[in-house]
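These are my notebook entries on one structure.

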Amino acid sequence: MLDIFSRLGIGTWVTSAVIIALAIVLPYVADLFTILQLTIFIVMAILALSLAITWGLAGILCFGQAAFFGLGAYTYAIAVTNFGESTIPVVLSIVVPAVFALVLGWFMFMGRLSELYVGVITLCVSLTLFNFINSTSSPWYRIGKAQINGFNGMSAVPTLNVPFDPDAILSPTAIYVLAMMSLLTVYLLCKVLAASPWGRVISATRQNEVRAELLGYNTSRIKLAVFVLGSGVAGYAGCLFTNWNAFVSPNVFSLAMSAQIIIWMIVGGRETFVGPILGAIALQYLSTVLGDSSINANLILGAIMMLFVVFVPRGLVPTVGALWTRLISKPGDRSTALSTKVEGSR
């Protein structure tokens, strides 16, 4: 374990320190509206990291990450309405999407489906759930005390409380701190996973699946495990999203939601874990600003995605990192690196 932490690098600890500092300082200097806005940005950053696990680490392009996000959101809303307190519903918001991903992924990965089919199937699942939830406005569609309400959504959802104490409701500031600590936990989980021996196997599977199989690894089970992990994280992000405004609607399953997550990854850079965080926060802020104007936010996001695909295909963070490395490197280091690259290509 100590060897894994030694390989995380100084950047990991700097990022962690920044997250902790923001979690401690901002509640004292920001007003309630700012705290609420920052909370949703952080929740979306956690959602982006869920796809960073699935796509960035394992190379599984999931077009329907919103399906697991929505399942977590609705699972929490239905469970907390029935249980009357949030401890078990939070756990269920992680477990239900993970189990759903396990069943879905078993057929996809054990069936040796190509990446294209995996992307299409996950997108279809998300849209199917969107259409199904939209059609549940009849009073017959209820689970226990919870009325699903179809396209009207579930409102007045009870928010998080102190574990097993339903009378101790968390304030918006406490939920913000929880979201920040959750972001830190998921970020460190991603970094530790990538630095671990299992992470190296995942990386080898992403780079050359046939070669990894020849080395004796069961790549189907490896991809299935990563797919389940990323789905569980997405479900937890859905739980936090429902708590943000005590409301959830079928839009959490929508095509626009699925597309946004991919755009965050493309803009930030799927080769890193900081990139998706920054991409999600920056583009969510942009969407909030555009929401106050007459400009279509989805149109702007689509244009940004096309520009990045063409001109910055690696994403913002890896590109800036490469430029910075090139600027601070000495001329002798550049010539050595160039000669090494030439020798390696021979």
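**Entry 1: Ser 126.** I located Ser 126 in helix α6, residues 115–134; helices here are DSSP runs of H or I with at least four residues, numbered from the N terminus. The model is predicted, so local features need pLDDT of at least 70 and side-chain atom pairs count only at pLDDT 80 or more, while totals for chains, interfaces and linings use all residues. Residues are numbered from 1 along each chain as its sequence is written, and side-chain values use heavy atoms, with hydrogens and water left out.

Is Ser 126 buried or exposed? I found Ser 126 buried, because its relative accessible area is 0%; buried means under 20%, exposed over 50% and partly exposed in between, with a 1.4 Å probe and protein chains only. I then listed its contacts (heavy atoms within 4.5 Å). Neighbours within four places in sequence aside, Ser 126 touches Gly 64, Ala 66, Ala 67, Phe 253, Ser 254 and Ser 258.

**Entry 2: helix α4.** I checked the length of α4, residues 65–83. The expected span is 1.5 Å times one less than the number of residues. For the 19 residues of α4 this gives 27 Å, and the end C-alpha atoms are 27 Å apart, so the two agree. Of these 19 residues, 16 are buried. Gly 84 follows α4 and has a positive phi, near 85°.

**Entry 3: the core.** I looked up the largest nonpolar core, which has 89 residues. Such a core is a set of buried Ala, Val, Leu, Ile, Met, Phe, Trp, Tyr and Cys residues joined through side-chain atoms within 4.5 Å. Leu 47, Leu 49, Phe 227 and Trp 264 have the most contacts inside this core. Helix α3, residues 32–57, gives the most to this core, with 16 residues. Among the contacts of Trp 264 beyond four places in sequence are Met 44, Leu 47, Met 257 and Gln 284.

**Entry 4: the second largest pocket.** A pocket is an open set of points on a 1 Å grid over the protein atoms alone, where a 1.4 Å probe fits, with protein on both sides within 12 Å along at least five of seven lines; lining residues have an atom within 4 Å of a point. I noted 19 lining residues for the second largest pocket, with Met 44, Phe 241, Met 257, Gln 260 and Gln 284 nearest its centre. Helix α3 supplies the largest share of this lining, four residues.

Terms used: Helix = DSSP H or I, 4+ residues; strand = E, 2+ residues; numbered from the N terminus.
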